[in-house]
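Visitor: I would like a guided tour of a model. Please show it to me before we start.

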Amino acid sequence: MKILVCPLNGPRPVSEFAYGGEVRRSPDPDTCSDEEWSDYVFNRSGSPGAKYEWWCHIASGFWFVVLRDTLRDAVIATFAADAVRRGLPPAGTAESAHAASPTSGKAS
Amino acid sequence: MPYRLLRFGLSHKHPEPRMFTRHDSLRAGYDVVIIGAGGHGLAAAYYLARDHGIRNVAVLEKGYIGGGNTGRNTTIIRSNYLTPEGVRFYDESVRLWQDLGTDFDLNLFYSTRGHYTLAHTDSAMRTMRWRAEVNKHYGVRSEAVDAAFVKRGIPNIDMSCGGHAPILGALFHEPGAIARHDAVAWGYGRGADRRGVEIHQQTEVTGIRVQGGRVVGVDTTRGSIATSKVLCAVAGFTPRILDMVGLRTPIYVHPLQAMVSEPVKPWLDPIIVSGSLHVYVSQTARGELVMGASLDPYEVQTTRPTLDFVESLASHMLDMFPFLGEVKVNRQWAGLADMTPDFAPIMGTTPVEGFYLDAGWGTWGFKATPVSGKTMSHTVATGRNHPLIEGFAFDRFARYRLTGEKGAASVGH
């Protein structure tokens, strides 16, 4: 069974969580062009790598952010949702910066 | 031991022709380079050589022929789609399938079984009627049928599905079939090889050179090639190739798993799909049950299968067929499905001149192998999208003109 470490609930089976897609920043719909908007609505970064993702612990309804390597399916770090507002470090460099974070967990 | 076999075994020259020619090195340039020697890539190479006379073609494969999703799918062939674009396209594919074995001089074990998409709710029945009407309008044999018809066609099924998902009816698609998937790749590969196409296995593409918006060459682990036309047919690896030419698409990659049981005596003739129970199953000529389910719930880019999948699929199988309780699962595996938001592929020309895409095949690519090869070879040869693939164009997302095919996905993903 894969375990995901939730910042609120601690280590829980991954079946208790829902995946919410990559963390992405919306362009301002009032000022952006049609191309920018369709790029935001549809296009995705499909290549593997370390990505920030939204996850939800379904039982408690708690949304949080996971930095996960999608090639190895290994969690590098987890963050409470307000980290998005404060600004997340670039995913590529975050691996070393947050490897020792107390909320970091590894899917195994 | 027959004398001929003994002589063959002792000979160093291998007098018997092999399936493919092995080429020791790449040439300096090709008219067309196809990335990916799966069913789609090899089919495109085959039709380029056979129908368009373009034989100076290299098919590059980083692993081995048909080792990706061509060899990992559940081999179901059907055309009971929902949108006119989808129905016309897949129906052409079913027609091509039916005489492919003769074309190849190879037994594909193409076996027409009939295909039931079970409906467990009123809303599912409504979708089945909708699909049946669209299908009939385009001359495809599909029928919305009632529960009694299902019971006659599949006498062993538990019509209550364990009591919690009673079967109300189904969409019955008579031409639904299965085929031997490896032979499809080999047949197309051998046909292309005999017409002069070079297949290079264990040759990974490391870069695509673009100058002034046009493709000029491909870099590989075995050297560089000059070419003005590249066809990308690499399923779950598509985003990695697109990064090389700087194109963005909606494609996202989730694993799709499948499993197969030990062989049992023949008892299941048709192909059964249940969207509500997330199951599709058929019985092979060898007696194994080939079973698939929905996509894994989150993005992973490796083909490692999971126990969760086996548990949930087995439990849903037992809802329909409780007597399978003692049957063992022999193997399970995963493939990388390149999904799109509208459940239709992305095919044809791209903003990079000379770069053609055959991708977004998600969970529905095997059945389209012949027609995709045929239409992509036409597109590569002429530089213009084939009329059958206009609904699958690269720029449809930027134009907000999606081809909504989700209602016809085999299971609710």
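What follows is a set of questions and answers on this predicted model.

Visitor: Which elements, in what order, make up chain A?
Guide: Chain A has three helices and six strands. Buried residues make up 19% of its 108 residues. From the N terminus on, the order is β-β-β-α-β-β-β-α-α.

Visitor: Over which residues of chain A is the pLDDT below 50?
Guide: The average pLDDT of chain A is 86, and 84% of the residues score at least 70. The stretch in question still has 32 contacts in the model beyond near neighbours in sequence. It covers residues 96-108 of chain A.

Visitor: Which element gives the largest share of the side of chain A that touches chain B?
Guide: In this interface, 14 residues of chain A are in contact with 21 residues of chain B. The chain A side divides into four nonpolar, six polar and four charged residues. Its largest share is four residues, and they come from helix α1 (residues 34-42) of chain A.

Visitor: What is the strand order of the eight-stranded open sheet in chain B?
Guide: The pairing in this sheet is mixed. β6 (142-146) and β18 (329-339) of chain B each pair on one side only, as the edge strands. From one strand to the next, the twist averages 20°. The order in chain B is β6-β7-β5-β15-β16-β17-β14-β18.

Visitor: In β7(B), which residue is the bridge partner of B:Thr117?
Guide: Strand β5 (residues 115-119) of chain B pairs with strand β7 (residues 169-173) of chain B. The sense is antiparallel, over five bridges. The partner of B:Thr117 in β7(B) is B:Leu171.

Visitor: What angle does the direction of helix α5 of chain B make with that of β6(B)?
Guide: Helix α5 (residues 122-137) of chain B packs on the sheet. It touches β5, β6 and β7 of chain B. With the direction of β6(B), its own direction makes about 150°.

Visitor: Are the residues of strand β15 of chain B buried or exposed?
Guide: In a regular strand, side chains alternate between the two faces of the sheet. In strand β15 (residues 271-274) of chain B, B:Ile271 and B:Val273 lie on one side, B:Ile272 and B:Ser274 on the other. Both faces are covered, and these four residues are all buried.

Visitor: Which residue is the bridge partner of B:Leu118 in β15(B)?
Guide: β5(B) and β15(B) run parallel, joined by four bridges. B:Leu118 has as its partner in β15(B) the residue B:Ser274.

Visitor: Which residue in the turn between β15(B) and β16(B) has a positive phi?
Guide: β15(B) pairs with strand β16 (residues 279-283) of chain B in the antiparallel sense, over three bridges. B:Ser274 has B:Val279 as its bridge partner in β16(B). The two strands form a hairpin with four residues between them. The turn residue with a positive phi, about 55°, is B:His278.

Visitor: Which residue in β2(B) does B:Ile35 stand opposite?
Guide: Strand β1 (residues 32-35) of chain B and β2(B) pair in the parallel sense over four bridges. In strand β2 (residues 57-60) of chain B, B:Val57 and B:Val59 point one way, B:Ala58 and B:Leu60 the other, and all are buried. Opposite B:Ile35 stands B:Leu60.

Visitor: Is B:Ala235 buried or exposed?
Guide: Most residues other than glycine have a negative phi. B:Ala235 has a positive value, near 50°, and lies in the loop between β13 (230-232) and α8 (238-245) of chain B. It has 27 other C-beta atoms within 10 Å. The cut-off for burial is 20 or more, so B:Ala235 is buried.

Visitor: And B:Gln202, buried or exposed?
Guide: Phi of B:Gln202 is also positive, near 50°. B:Gln202 sits in the loop between β9 (198-200) and β10 (205-211) of chain B. With 11 other C-beta atoms within 10 Å, and 12 or fewer as the limit, B:Gln202 counts as exposed.

Visitor: How are α3(B) and α10(B) oriented to each other?
Guide: The axes of helix α3 (residues 84-98) and helix α10 (residues 369-382) of chain B come within 7 Å and cross at roughly 105°. Angles of 65 to 115 degrees count as roughly perpendicular. Therefore α3(B) and α10(B) are roughly perpendicular.

Visitor: Which residues of α10(B) meet α3(B)?
Guide: The residues of this contact divide into five nonpolar, one polar and two charged. From α3(B) come B:Phe89, B:Glu92, B:Ser93, B:Leu96 and B:Trp97. They meet, in α10(B), B:Pro370, B:Val371 and B:Lys374.

Note on methods:
Residues numbered from 1 in each chain as written. Chains lettered and ligands numbered in written order. Predicted model: local features only at pLDDT ≥ 70, side-chain atom pairs only at ≥ 80, totals over all residues. Axes fitted to C-alpha atoms, helices over the stretch in contact; angles between N-to-C directions. Parallel < 35°, antiparallel > 145°, perpendicular 65-115°, else oblique. Contact = placed C-beta atoms within 7 Å. Nonpolar A, V, L, I, M, F, W, Y, C, P; charged D, E, K, R; others polar. pLDDT = per-residue confidence, 0-100. Pairing = 2+ DSSP bridges.
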